[in-house]
Amino acid sequence: MSRQVLIINITRMGDLVQMGTLLTRLQEEWPGTSVDLVVDRQFAAVASMLPGLREVIAYDFHGLIDHSRACAQDVVALHREVHAWAAVLHERRYDRIVNLTFNRPSALLAEYVSAPDIRGARTAWDGGTVVDNPWLRYFTDIHQIRRINRFNLVDVYAMGGSGPGSFAPLQVKPPDESLDWAGRYLATEPTGVRDWIAVQAGASDTMKAWRPEHFGLALARLGSRWSGGILFIGAASEQRTIGAVIHAYRAAGGRHVMKNAAGRTSLPQVAALLARSRVLLTNDTGPMHLAVGVETPVVDLSVGHVDFQETGPYGAGHWVLQPALDCAPCGFEQVCSHQACKDRIPADVVADLLLHVVGAAPCPAVDSGYRLYRSTVDEDQLSTFELAGGSEPPALAWFATFWRRYWYEAFTGRPSRTAPPVGEPPEFEEAAARIGALVPILESLCRRANAIVRMTARPPLPARHVQSLLGAQQAERERAVGLGLDTWAIRPLAAAFLRRLHQDNVEGIEHMARHHAASYAWWLTETLAVGRVFAPARPGRRLRMVRESCHPSVG
């Protein structure tokens, strides 16, 4: 009997397309496995274009949330409705559940459906949420270390939901009727235009959208070097943005044939239009991933809080332009008053890059205001980006490469085949000083944690003594976290420790104490391992090793 896997992915359209490599990897791991997908009803059309699925199970999750908030139905009625729908999934006895939606409702669903192997968010014993699998736990840490993260979410999903393997591109298969429609739609121009540049000028969040006037100017600067047409895609709500693009385009002398399909197409039709386009110029959007899935090259404008290293176009053959600013990308919760990053990408360079992709111009030169990246596949069979123009801060580049290899080897248990960072560790004095100061604090935390374990294992519990130790431990932990987050040399470990400490999922005081002791021991062990990388960098400067055993055993 073939294995069965259930994937839960109910948030955004782009997330659905980005799990395409996971679908391929599951078949590589378990040939013939049957994969079902739980998806929000509004994205069912996208899910239907993904190969490798046995069944797409759609449910109106957004409506459920709205009804809950508006009290349109009483809680008991809502519970019965969801229970009746999910009971069928529970009865299928899945071998694995991969939950790619990291919120409490999806965790409850994963726990209720149940499987011997649940990866991603699930419900803890006390009703909280825990995340299983190191790759998917890493996903929850990215927001704290995104400046040096070098894993595309496509690969995080694939390795977390299955495991490492050969490179597998994203795949989107528009239905034949949509492809036929797209052919007819683009052939209606009396001028006989056959080649099209697709443009997604809008975005769900204006923070991550290039300015409309810049789009217009860039398209106008294609000039006579591009004899094809310009095709706008997007939602109906983006018509105002598209209008502003066209106004700027005409004012700059643009005279190409244009078609505006925004708000007039289904998602399968959008995919079909992209499949018939030469290139897509876009912000970071769901249609960008559709373009990748139909093998259309992408020029991605990475502005605002978008980090292309996480969500940029997957696989080889795509291009990314990113402003060269210390604040780019900004944080998800940050509100920027100036959005200066959107003015750092020159319109003429975007035009030249589009022409380069369609074979009408060389790759443009790059100045100091922005960076140009080309997507490719590395030796570990993961998608990555190579710097094709501009420069990166040397320290960030070194640490990004170091941690990219470190986590790959830690999570997979196999050596990375990618090249290590070149040269000695940067900022050596600062990093060595921080590690040297952190180690004795971690040793002390381990000793206190082990003492608490011993006390909780031998009743009666000396409550006041334990409380005193916990107070001292909290103060030391705050000092340790402050030091750990202060340098990229060890910041990823501090972020992982905080997540590890709070995702306990253990019941009882003794088990909680053991979990905390194990978390401190892990932090110390990993810090010492990283410290060895820095210790040989200067003769005579070696971090002292831990003087005594630090582990969660009772002893």
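Helices are DSSP runs of H or I with at least four residues, numbered from the N terminus. The model is predicted, with local features requiring pLDDT of at least 70 and side-chain atom pairs counting only at pLDDT 80 or more, while totals for chains, interfaces and linings use all residues. Residues are numbered from 1 along each chain as its sequence is written, and side-chain values use heavy atoms, with hydrogens and water left out.

**View 1. Lining of the largest pocket.** On a 1 Å grid over the protein atoms alone, a pocket is an open set of points where a 1.4 Å probe fits, with protein on both sides within 12 Å along at least five of seven lines, and lining residues have an atom within 4 Å of a point. Of the 45 residues that line the largest pocket, Arg12, Gly14, Ser204, Lys208 and Gly286 lie nearest its centre. At least two lining residues come from each of α1 (13-18), α7 (134-145), α8 (153-161), α12 (267-275), α13 (286-293) and α14 (308-311).

View 2. Pro415 is found in the loop between α16 (394-412) and α17, and counts as exposed (over 50% relative accessible area, 1.4 Å probe, protein chains only) because its relative accessibility is 63%. Leaving aside neighbours within four places in sequence, Pro415 is in contact (heavy atoms within 4.5 Å) with Asp380, Tyr408 and Glu409. The C-alpha atoms of Pro415 and Asp380 are separated by 9.2 Å, although the two residues are 35 apart along the chain.

**View 3. Neighbours of Trp523.** Not counting residues up to four places away in sequence, Trp523 touches Leu438, Leu442, Ala480, Val481, Leu493, Ala494 and Phe497.

Conventions:
Buried < 20%, exposed > 50% of the residue type's maximum accessible area, 1.4 Å probe, protein only.
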